[in-house]
Amino acid sequence: MVRIGAFLVGLFFAGWLFISFLVGAVAYVSEPPQPTVEHEFHKPVKHVSFSFDGPLGKYDQAQLQRGFQVFKEVCSACHSLKFVAFRDLQALGYNEAEVKAIAKQWAIKTPSVDPATGEASSRDPVPSDHFPKPFANNVAAAAANNNAIPPDLSLMTKARHHGSAYVYSLLTGFQAQPAELLKEFPDAKTPEGLHYNPYFPNLNLAMAPPLTADGQVTYGPGQPKPTVDQMAQDVSAFLTWTAEPKLENRRRAGLATLIFLLIATGLAYMSYQNIWADKKKAA
Amino acid sequence: MSFPWAEQYTPKNPVMVWIDEKLPLPRLAYNAVGAGYPVPRNLNYFWNFGVLAGLALVIQIVTGVIMAMHYGANDLVAFSTVEQTMRDVNAGWLMRYAHANGASFFFIVVYLHIFRGLYFGSYKAPREMVWLLGLVIFLLMMATAFMGYVLPWGQMSYWGAKVITGLFGAIPVVGEPIQTWLLGGFAPGNASLNRFFSLHFLLPFVIAGVIILHIWALHIPGSSNPTGVEVKGPQDTVPFHPYYTAKDGFGAGVFLIAFCALLFFAPNFLGHPDNYIEANPLSTPAHIVPEWYFWPFYAILRAFTVDFFFVPAKLLGVLAMFASILLLFFLPWLDTSPVRSGKYRPTFNKFFWILCLDVLILGWLGGAPAEEPYVMMSQLAGAYYFAHFLIILPLISRFEKPLPLPGSITEAVLAKYGKTDGETVAVPAE
């Protein structure tokens with residue numbers, strides 16, 4: 001009884017899947033799917049190497065500081081960084097006084113309540129504050145940015161495949177739309193107010209190229225030349241840190257844990273062999 | 001946990017004598033996982049995965065309870081409390097990554113455990129109840145994992161919750177009210193998040209309870225073994241402790257090495273980047289995919305693209321997905337071959353490896369976008385899945401000629417290590 005029922009159920013599901021396959025195959029052959037413009041012109045991320053690549057890589061503090069400077073002078077005008085606090089910047093090598101000064105001089109103020117009147121006001125950020133958002137709310141952000149809301153950047157490099165290389169590719173990937181693209185897909189012209197970038201999933205994004213000229217940010221003495229490429233690398237490194245601030249702790253702890261486990265497992269194997277010695281031989 | 005052939009426990013230490021008189025807990029431990037549980041002496045490494053699944057559950061409960069101390073089950077703060085745990089809680093990143101990757105490793109070891117059961121015929125009489133309870137655990141795990149994935153309230157959390165509860169919406173007439181009732185609203189929201197958190201905390205303890213039943217049921221007939229030949233006498237067994245505790249200790253070490261390698265050096269490898277974007281009901285991700293351990297079933301769900309007369313394709317997909325798991329409950333009665341181990345079943349063996357490949361392909365397709373040619377491939381792979389369990393397996397078990405079985409476990413062991421001298425012959429007669 002069970003087997004007859006099973007046979008019928010199996011025949012139904014397997015049979016109907018097979019029929020669905022035939023229907024799909026006929027459609028696939030008679031009307032092969034058309035290539036899409038994203039499919040043809042979207043590019044995989046550029047290859048770029050960072051000090052934190054590989055299982056034991058570490059952040060380069062000088063690079064993180066340069067990246068922070070790019071964030072501060074360019075990105076922070078539109079993008080928030082809401083999961084990061086000023087106090088976290090100590091991990092970049094700034095001391096307490098420097099962090100205090102950075103917070104105090106931050107261009108955007110922290111929303112607050114006037115202690116005398118109870119009305120909404122603002123104050124200078126302090127190290128324990130998270131980075132204040134550049135726009136009061138999403139409506140204000142959209143209104144100021146051609147209807148697109150600039151995303152928060154705290155987790156950006158973890159929220160995209162190959163995030164660090166993706167941010168770098170996107171920042172250095174703005175270009176004119178290729179002529180072949182328009183020839184093949186005449187309807188795919190980048191709409192007014194958007195910008196062509198083959199590293200963006202649908203090829204056109206609202207953000208205008210943020211890094212446009214070498215020397216847009218002035219780096220301190222002894223630092224590499226602030227070319228667009230260098231600035232893009234630095235800010236990608238900084239955003240990798242904001243997304244994964246515990247990366248170095250994690251790798252350090254991981255190395256110690258693995259060494260411990262290898263030794264412990266080796267000992268466990270020896271005791272296993274020892275206990276089984278008389279059972280494994282042909283007596 | 002007493003079973004007919006358990007060794008008698010005779011405590012020597014007066015403290016143990018005193019405890020055992022009042023509460024026979026030492027007796028229970030002795031008979032369940034101690035020297036009082038005789039186990040076939042020929043178990044291979046595939047028999048390690050039951051203990052490893054238990055270890056994975058413990059890791060999940062410990063890290064999960066700590067995570068819950070820092071989590072806010074509210075749609076306004078859920079995402080940021082998880083981020084706070086990662087950044088501002090001592091070793092919070094470790095707990096979070098261990099919990100997220102621990103779920104994956106739980107499924108890895110449970111899938112290997114199920115693989116073991118399927119290949120070596122562990123589901124066959126007299127161990128049907130062990131198999132059925134194991135499937136109950138598997139279903140509970142899937143429910144727990146699904147609800148856990150919703151808690152960080154990222155994009156995949158939100159849209160995954162929407163898609164999975166939408167499965168119930170495919171049921172005719174009552175489907176939509178059921179979906180609304182499950183979610184506590186018309187879309188995933190604070191009510192859904194709160195109940196999922198509550199159930200996600202509860203279910204692991206239900207799993208722990210069913211595991212006790214699973215082990216209890218196992219101890220009635222005792223463990224199976226790679227030959228599938230039942231234990232014939234004391235020479236076929238070794239006491240669980242120290243023999244298998246030592247082997248499981250080594251197994252646990254290897255498991256932890258693999259787990260920690262991923263956890264510390266590629267903690268987001270198995271996750272989806274979209275879940276680092278906070279849930280946004282107004283923006284649908286390009287490809288909604290569940291976690292990797294659901295992919296084979298997800299591929300079956302999406303493989304149905306053609307309506308069957310008045311039954312919409314979506315409902316067929318939902319029925320097929322549930323059927324693909326529920327059919328395993330009938331396995332002991334579908335596979336009627338008296339030979340347990342796949343080693344001695346030449347025809348079964350071939351089809352079994354096709355099934356394994358088929359499930360891996362289904363897994364790959366479940367993670368792929370719902371486009372051609374992936375859909376066509378999952379239709380073929382899904383068809384084989386159902387045909388294998390419901391048609392091919394019953395037929396094989398009817399017509400197959402099995403290879404000769406070894407006379408006993410000891411005989412198989414001796415054949416493996418080679419008889420070297422006259423003494424060996426003496427062992428089985430011991």
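## A walk through chain B

Start by colouring chain B by its domain assignment: domain 1 covers 1-8 + 30-282 and domain 2 covers 289-399, with bounds that come from an automatic or database domain assignment. Keep in mind that this is a predicted model, where local features need pLDDT of at least 70, side-chain atom pairs count only at pLDDT 80 or more, and totals for chains, interfaces and linings use all residues. Residues are numbered from 1 along each chain as its sequence is written, and chains are lettered from A in the order in which they are written.

**Whole chain.** Switch to cartoon and you'll find 17 helices and 2 strands in chain B; these are DSSP runs numbered from the N terminus (helices H or I, at least four residues; strands E, at least two). The C-alpha trace spans about 75 × 60 × 40 Å along its principal axes. Of the 430 residues, 47% are buried, meaning 20 or more other C-beta atoms, placed from the backbone, lie within 10 Å of the residue's own.

**Between the domains.** The two domain centres, taken over C-alpha atoms, are 22 Å apart.

**The core.** Now show Ala56(B), Phe106(B), Val109(B) and Ile300(B), the residues with the most contacts inside the largest nonpolar core, which has 98 residues. Such a core is a set of buried Ala, Val, Leu, Ile, Met, Phe, Trp, Tyr and Cys residues joined through C-beta atoms within 7 Å. This one draws at least three residues from each of domain 1 and domain 2 of chain B. Zoom in on Ile300(B): leaving aside neighbours within four places in sequence, its contacts are Ala320(B), Met321(B), Ser324(B), Leu362(B), Gly382(B) and Tyr385(B).

**Over to chain A.** Last stop: bring up both chains. Here 58 residues of chain B are in contact with 51 residues of chain A. Several helices of chain B each supply at least two residues to this side, among them α4 (78-88), α12 (313-326) and α15 (374-399).

Technical notes:
Contact = placed C-beta atoms within 7 Å. Buried ≥ 20, exposed ≤ 12 C-beta atoms within 10 Å, placed from the backbone.
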